[in-house]
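Trainee: I want to go through the labels on this model. Please set each one against its definition.

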Amino acid sequence: MAKMYKATQPIGSRNIYDILRLVGEISESILFVKGGRVANAKSMLGLMSLAIQRGDEIEIICRDERVVEKLSNYFKEMK
């Protein structure tokens, strides 16, 4: 599954730990793509390197559909 999402808030040091905890419960790999750059969503440095801000468009790639549900506080699917 690869879908486009819009960040509803900046992903910085205050909430990266929460995202890592949420995606850590999923055994599948999860990738975030922003502006052609790819990062492992289970990596603190990977998330930080994307410097995600509110309104940024992010592609989330993962086979497990639960990822969308778990990250709903941070990303909304683009229509």
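Trainee: Why is Arg21 called partly exposed?
Mentor: Its relative accessible area is 41%. Buried means under 20%, exposed over 50%, and partly exposed lies in between (1.4 Å probe, protein chains only). So 41% makes Arg21 partly exposed.

Trainee: What are the ground rules?
Mentor: This is a predicted model, where local features need pLDDT of at least 70, side-chain atom pairs count only at pLDDT 80 or more, and totals for chains, interfaces and linings use all residues. Residues are numbered from 1 along each chain as its sequence is written, and side-chain values use heavy atoms, with hydrogens and water left out.

Trainee: What makes Asp18 and Arg21 a salt bridge?
Mentor: The term needs a side-chain nitrogen of Lys or Arg within 4 Å of a carboxyl oxygen of Asp or Glu. Here the closest N and O atoms are 2.5 Å apart, so the pair qualifies. By this rule there are five salt bridges.

Trainee: How do you know that Glu25 and Lys70 form a salt bridge?
Mentor: Their closest N and O atoms are 2.6 Å apart. That is within 4 Å, so the label holds. Glu25 lies in the loop between H1 and strand S2 (31–34) and Lys70 in helix H3 (residues 66–70), so the pair ties together parts 45 residues apart in sequence.

Trainee: Are Asp56 and Lys34 buried or exposed?
Mentor: Both are buried. They also form a salt bridge, with the closest N and O atoms 3.1 Å apart.

Key:
Helices (H or I, at least four residues) and strands (E, at least two) are DSSP runs, numbered from the N terminus.
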